Amino acid sequence: MFMSDEELGLDTTFRRKDSQIYITIPGGEDAVDEEIELIPEPIYRPETIVSRANLCYRTKDDEHMVKFSWGSGAERSEIDYLRLAKPVKGVVTLVRDAVLHEVETHRAGLDFSMACKVLIKNNKWCLSKGVQNETSTPPDYFRKRKLTLALLSPNGRPLQSSRSLREFLSCILDSTLGHRSLYNDVKVLHGDVSAGNIILTKPDKNGKSEGTLIDLDMSTSVDGKVDEKEEMKITAKISIA
């Protein structure tokens, strides 16, 4: 009996045919599955082994971007914030989404309640200098992280690719207005505004590109309903001289 690709541990998210690459976005209960062709070379991939594994591709028609991410494990994911931000101009739009894998499912049936942690001294990756902590690990110690897939619009190019000072300043203005609307209209604070999270859209018929704010993975709700037990996200900024 032959084993399936999934049983062999192979990645079944992508389907490859010759030099082409496809993904299938599960439709769920209210929609049909959709197969999309991607440009094989990712526009962003993790630079370290330990990361949230953010991986981004452009679609073959160059109209959308597909983002894979394990997220932070917070109660509200980037997908939740993208859904809230759908009507906000200047912020990337969520077209479709799906949950591909869940840590909770992978660990189903495993008991970590009596597991021990090893603390590494002096930030050195050397187990011989570790100290075993005999305190039992609480059942909810591991975050319930999910691997999500998001089909986003519009596709764009990095802020650093601005062709003129006017285009650069216009892009900054658009994304700033988007950030303000995100906060005022849907009560969401982006939490990670930086040069890497602002893109320029493709030029319109008049040759004008617009600035769009992307990556809501560090966002936080400011509607007064934030769970006090939820860890706050890190916030980063970049100084533009």
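This is a predicted model: local features need pLDDT of at least 70, side-chain atom pairs count only at pLDDT 80 or more; totals for chains, interfaces and linings use all residues.
Residues are numbered from 1 along each chain as its sequence is written, and side-chain values use heavy atoms, with hydrogens and water left out.

**The cores**

- Leu152 is also among the residues with the most contacts inside the largest nonpolar core, alongside Leu82, Val91, Leu94, Leu182 and Leu216; this core has 24 residues.
- A nonpolar core here is a set of buried Ala, Val, Leu, Ile, Met, Phe, Trp, Tyr and Cys residues joined through side-chain atoms within 4.5 Å, and buried means under 20% relative accessible area with a 1.4 Å probe, counting protein chains only.
- Helix H1 (78-84), strand E9 (146-153), H3 and E12 each supply at least two residues of this core; helices (H or I, at least four residues) and strands (E, at least two) are DSSP runs, numbered from the N terminus.
- There's a second, separate core too, with 14 residues, including Ile21, Ile25, Leu38 and Leu55.

**Helix H3**

- H3 has 22 residues and spans 31 Å from first C-alpha to last, close to the 32 Å expected at 1.5 Å a residue; that expected span is 1.5 Å times one less than the number of residues.
- Its buried residues are Glu167, Cys171, Asp174, Ser175, Gly178, Leu182 and Val186.
- Down the axis of H3, these buried residues fall within an arc of 90°, so they line one face of the helix; the arc is taken from the directions from the helix axis to the C-beta atoms.
- On the face turned away from that buried side sit Leu165, Arg166 and Arg180, which are exposed (over 50% relative accessible area).
- The buried residues of H3 pack against H1, E10, strand E11 (188-189), E12 and E13.
- Just after H3, lysine 187 takes a positive phi of about 60°.

**The sheet beside it**

- An open sheet of 3 strands runs in the order E10-E12-E13, with antiparallel pairing; two strands pair if DSSP finds at least two bridges between them.
- Strand E10 (156-158) and strand E13 (211-213) are the edge strands, each pairing on one side only.
- E10 and strand E12 (residues 198-201) pair over 3 bridges, and glycine 156 has threonine 201 in E12 as its bridge partner.

Technical notes. Contact means heavy atoms within 4.5 Å.
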